[in-house]
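This briefing covers a two-chain protein model.

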Amino acid sequence: MATVELKNLRKTYLTEEIIKGISLSIEEREFVVFVGPSGCGKSTLLRMIAGLEDITSGDLLIDGQRVNDVEPGKRGLAMVFQSYALYPHMNVYKNMEFGLKLSGMPEAERRAKIEHVARTLQLEPYLNHKPGQLSGGQRQRVAIGRAIVRNPKVFLFDEPLSNLDAALRGQMRVELSALHRKLGATTIYVTHDQVEAMTMADKIVVLQKGIVEQIGSPLELYHHPRNLFVARFIGSPPMNFFSAIFQGGDAAGSSVQLRDGSSLYVPVTSPGLLPGTKVTVGIRPEHVELASSGPNSGVVEVIERLGAITLVHVRMPDGEIIVVQTDGAVLTDVDTRVSLTLPPRNCHLFAPDGLAFEACHRHPLAA
Amino acid sequence: MALKTKTSTRIGVTILGWGIALWLFFPIFWMILTSFKSEVQAISTPPKLFFMPTLSSYAEVFERANYWHFALNTVIVSVGATAIAIALAVPAAYSMAFMPSKRTRGTLLWVLSTRMLPPVGVLVPIYILARNTHLLDTCTGLAIVDMLTNLPIIVWMLYTFFREVPAPILEAGRMDGATRWQEMTMVLLPLALPGIASTALLSLILCWNEAFWSLNLTSSHAAPLTAFIASFSSPEGLFFGKLSAASTLAVAPILVFGWISQKQLVRGLTFGAVK
């Protein structure tokens, strides 16, 4: 097992800088997920680690060794591609054997390894099948098997589940997590799906436009997003935002005035901010509470009933929509007036530059 | 009603298809037919469709010239030229298809531009080059010129076929520890084999039927089948029977070869279209 270290990694393609100086440490056995919107550079970054893209500047260290100029096959990595990228002209056995054969492993040893991996992944009945004869899920397994069989120091996954249907994706997610626990290999996983990121990662790296927005555990990102981008990106449905005026703060919290004139005392610090500054308040749909009467009232515009939960879209007097996630059995109907309660401990405040105010108390699960 | 229209359309299309096919095949058919006529029958008006076939033209052709000598030259030149062209074009097309730079498009066009030059425009320089390097009237010389003539088309065709191979498959090979050479020979070539086969076949046909350079750069020692045909065309006037017999003999091998490999050829030529 291995550590991976990125030191101010940059990538310039033609004249455009795609990766703008990324530094990151990945510990042994860690499952790290790169997440971000399409075009954020997450796949490019993974391909740079793999050796499939040149590194323009910066250092890439695997187990403390600088590997910038080492051939992809000699870095001790294995990669699972989005399109699986199986060799169509070889059967499953040969697909898994290819890398071992190139490394000069003796035939008997190869066979034993492949059979062991095939058993683990329930691929034994398909060893003589060509990839074209397999279903999407089976191809995915072969791609994973081809990676495992090489016994790599680090696993790289490039959106491996995005070609599968929803049910299979959920199943593979669980299998991959179990597999990671079993193998204990350092893993770097790229996805745009935040459910995959939240459920599988030890550490999430949120990327946008070639820079790191935040690095942290899933719940750290969820409870303590560093800025507006992360707050918006992590969590589904996304966090609600509305503007407010900063009134003042002390060691225990900050006070803001909402648009309807009411005050909110949020337990976050606000060093150096001048009263009167315009700030952004954020609160997740699952933290807003519905009440039949009280301040902060608005009109229900849309109701999405998902069975277990209900998403209520409330149009506020200032025209903004606030989404509330509530019980599946809630009786509220469209066009009725409801009041919203915003529990201060679940509110986030963001300065004009988008950075979050630091919470006075860290969430116990996001230490 | 709709069904009727459909049926009549289908019949129309079928007739049209057959018509075009027969129209294209007619010269070959007529050539073969004429080769079995006597010289008198061959030039009779109106032309005869039914007649007593004779092998006299073939007999005379074999008597007058050593067919096997010409045929062997053609095989050596076309197979040699094709093999060298493919060997040169595979790495070229590989680099352009999988490691494109901003100059790749320009390079491709530039490669093709040599095809736009009429061969006769470079006849004198090439002739002098061949003479000075003692390659006149040698299979090597003709093969080199044929190879260079077809290389642009071969590079283009291979480039198109390689573009159809998903890059991640090659990258997977690289991750598995394959060197560039192994990546090309163990991953790319097996996947692009139908395309390479049809490209090679096309090159073979083009070399086989190439006449301009054959006639200008060879005389006796390295003369291929096209020169063999030409030798039956002029001096003592036209003898259509013998000319047809010679031509039939010249195209027969490649025709048979094309027929055998047509499945491969069609698969290759429609490789990109059908996915």
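A residue is called buried under 20% relative accessible area, exposed over 50%, and partly exposed in between, using a 1.4 Å probe and protein chains only. By that scale A:Asn8, with a relative accessible area of 39%, is partly exposed. The model is predicted: local features need pLDDT of at least 70, side-chain atom pairs count only at pLDDT 80 or more, and totals for chains, interfaces and linings use all residues. Residues are numbered from 1 along each chain as its sequence is written, chains are lettered from A and ligands numbered from 1 in the order in which they are written, and side-chain values use heavy atoms, with hydrogens and water left out.

**Chain A**

- Chain A has eight helices and 20 strands; helices (H or I, at least four residues) and strands (E, at least two) are DSSP runs, numbered from the N terminus.
- The C-alpha trace of chain A spans about 75 × 45 × 40 Å along its principal axes.
- Of the 367 residues in chain A, 53% count as buried.
- Contact means heavy atoms within 4.5 Å. Among contacts in chain A between residues at least 6 apart in sequence, 65% join residues at least 24 apart.

**Chain B**

- Chain B is divided into domain 1 (2–56) and domain 2 (67–231), with bounds that come from an automatic or database domain assignment.
- A distance of 34 Å separates the C-alpha centres of domain 1 of chain B and domain 2 of chain B.
- Helix α8 (residues 167–175) of chain B has seven of its nine residues buried. Among them are B:Glu171 and B:Met175.
- B:Gly177 follows α8(B) and has a positive phi, near 100 degrees.

**Contact between the chains**

- The size of an interface is often given as the accessible area lost when the parts come together. Here buried area is that loss (1.4 Å probe), summed over both parts.
- Chain B and chain A bury about 1,600 Å² between them, and 68% of this is on carbon and sulfur atoms.
- B:Glu171, B:Met175 and B:Asp176 supply 43% of the area that chain B buries against chain A, more than any other three residues.
- The contact involves 24 residues from chain A and 16 residues from chain B.
- Two salt bridges are counted between chain B and chain A; a salt bridge is a side-chain nitrogen of Lys or Arg within 4 Å of a carboxyl oxygen of Asp or Glu.
- A:Arg47 and B:Glu171 form a salt bridge through their side chains, at 2.7 Å from N to O.
- A:Asn95 lies in helix α2 (residues 92–102) of chain A and is buried, with a relative accessible area of 0%.
- Leaving aside neighbours within four places in sequence, the contacts of A:Asn95 include A:Tyr87, A:Arg146 and B:Asp176.

**Backbone geometry in chain A**

- Most residues other than glycine have a negative phi, and most peptide bonds are trans.
- The peptide bond from A:Ser236 to A:Pro237 is cis, with omega near -5 degrees. A:Pro237 sits in the loop between α8 (228–233) and β11 (240–250) of chain A.
- A:Asn8 is not a glycine, yet has a positive phi of about 50 degrees; this residue belongs to strand β1 (residues 4–13) of chain A.
- A:Asp335 also has a positive phi, near 75 degrees. A:Asp335 is in the loop between β18 (321–327) and β19 (337–341) of chain A and is exposed, at 64% relative accessible area.

- A:Cys347 is buried, at 5% relative accessibility.
- B:Cys139 is in no disulfide, and the nearest cysteine sulfur, that of B:Cys207, is 12 Å away. B:Cys139 is buried, with a relative accessible area of 16%.

**Confidence in chain B**

- pLDDT is the predictor's confidence in each residue, from 0 to 100. Chain B averages 87, and 92% of the residues score at least 70.
- Among the elements of chain B, helix α4 (residues 67–98) has the highest mean pLDDT (94) and helix α14 (residues 271–274) the lowest (40).
- Over residues 271–275 of chain B pLDDT stays under 50, and the model has four contacts for them beyond four places in sequence.
- Where pLDDT is low, the predicted coordinates should not be read in detail.

Notes:
Disulfide = S-S within 2.5 Å. Buried area = accessible area lost by both parts, 1.4 Å probe.
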